[in-house]
Amino acid sequence: MCLLQDESVDVALLTETWLTDHSNATTADIKSYGYTILHDYRSHSKGGGAALLFKSNLKYNPTHLKVNGITTFEYTCATLTSSVDMKILFITIYRTGSILKKFFEELDNLLGVASLKSDYMLVGGDFNIHMETTNDHSTELEQLASSYGLKQVINQPTHINGGTIDLLFDNSNLLDHSSLDVKSVSVFIYYCFKLMVQ
């Protein structure tokens, strides 16, 4: 949490949170640092999870996309409204396991619904698809994202053994690419970036 404060992070997209519905001490700690948390957790097993952290002063709303039957990834989403009433939808995705055709179908369904909910989207998380090389999976993910105007903006290794598997897709043109920095802390990866919006 100190790292988020040190970097003046307003919004954080987190995966593999390992939070449960009983994570009261953890969520209380997050709130004590001036953040609110929105998270989805695995109710059936340990591990995984996707979360969004927002500075407490930001105006956001949890966004329910009403996409049923997603089984190949976990996600959390919320809409941030700027001071000029611009809506930016943040989606955190955590995908693990084998890469199945069904993943791309479910992601397409999610992005289709999400694209109707806001002015702009930032979609990030641990996709576990290597984007540093051209392969069938990276090509399919890039083409799918592109069909929604989303561009993958992480171009440096995000995994301890190399490779770019933690991704950030943007269709807003509000992202200051010169401010984009991938930080590695222990086993966690996070991105620091600035949005060019008030």
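**View A. F73 is buried in the predicted model, with a relative accessible area of 6%.** Buried stands for under 20% relative accessible area, exposed for over 50% and partly exposed for values in between, with a 1.4 Å probe and protein chains only. Y75, at 18% relative accessibility, also counts as buried. Both residues belong to one aromatic cluster, formed by F73, Y75, F103 and F104. Rings of Phe, Tyr and Trp (its six-membered ring) pair if their centres lie within 6.5 Å; planes under 30 degrees apart count as stacked, over 60 as edge-to-face and the rest as tilted. The model is a prediction in which residues are numbered from 1 along each chain as its sequence is written. Local features need pLDDT of at least 70, side-chain atom pairs count only at pLDDT 80 or more, totals for chains, interfaces and linings use all residues, and side-chain values use heavy atoms, leaving out hydrogens and water.

**View B. F54 and F90 are among the residues that make up the six aromatic pairs.** Their ring centres are 6.0 Å apart and their planes stand at 85°, so this pair is edge-to-face. It connects distant parts of the chain, since F54 lies in strand β3 (residues 50-55) and F90 in strand β6 (residues 87-94), 36 residues apart. Helices (H or I, at least four residues) and strands (E, at least two) are DSSP runs, numbered from the N terminus. F54 has 0% relative accessibility and counts as buried. F90 likewise counts as buried, at 0% relative accessibility. A further aromatic pair joins F73 and Y75; this one is tilted, with 6.1 Å from centre to centre and 50° between the planes.

**View C. Charged side chains sit over the rings of Y35 and F103.** The criterion is NZ of Lys or CZ of Arg within 6 Å of the ring centre and within 35 degrees of the ring normal. K55 lies over the face of Y35, 5.0 Å from the ring centre. R95 places its charged end over the ring of F103, at 5.6 Å from the centre. F103 is also a member of the aromatic cluster with F73, Y75 and F104.

**View D. An open sheet of six strands, with mixed pairing, runs in the order β4-β5-β6-β7-β9-β8.** Its edge strands are β4 and β8 (151-152), each of which pairs on one side only. Two strands count as paired if DSSP finds at least two bridges between them. Within the sheet, β6 and β7 pair in the parallel sense over seven bridges. F90 has L122 as its bridge partner in β7. G125 also has its place in strand β7 (residues 120-126), and at 6% relative accessibility it counts as buried. The C-alpha atoms of G125 and A50 are 8.2 Å apart, although 75 residues separate the two in sequence.

**View E. Strand β1 (residues 11-15) is mostly covered, with four of its five residues buried.** β1 runs antiparallel to β3, and five bridges join the two strands. L14 has A51 as its bridge partner in β3.

**View F. The second largest cavity has a volume of about 40 Å³.** The structure holds two cavities of 30 Å³ or more. A cavity is a set of points, on a 1 Å grid over the protein atoms alone, where a 1.4 Å probe fits but cannot get out; lining residues have an atom within 4 Å of a point. Points are joined across faces, edges and corners, and the volume is the space filled by probe spheres set on them. The lining of the second largest cavity consists of L107, L111, V123, F127, L141, A145, L150 and F169. Helices α3 (101-114) and α4 (136-146) each contribute at least two of the lining residues. By class, this lining has eight nonpolar, no polar and no charged residues. Nonpolar covers Ala, Val, Leu, Ile, Met, Phe, Trp, Tyr, Cys and Pro, charged covers Asp, Glu, Lys and Arg, and polar covers the others, Gly among them.

**View G. K66 and N128 have positive phi values without being glycine.** Phi of K66 is near 55°, and the residue is found in the loop between β4 (60-62) and β5 (74-81). K66 is exposed, with a relative accessible area of 73%. N128 has a phi of about 55° and is found in the loop between β7 and α4. At 25% relative accessibility, N128 counts as partly exposed.

Notes:
On a 1 Å grid over the protein atoms alone, a cavity is a set of points where a 1.4 Å probe fits but cannot get out, and a pocket is an open set with protein on both sides within 12 Å along at least five of seven lines; lining residues have an atom within 4 Å of a point.
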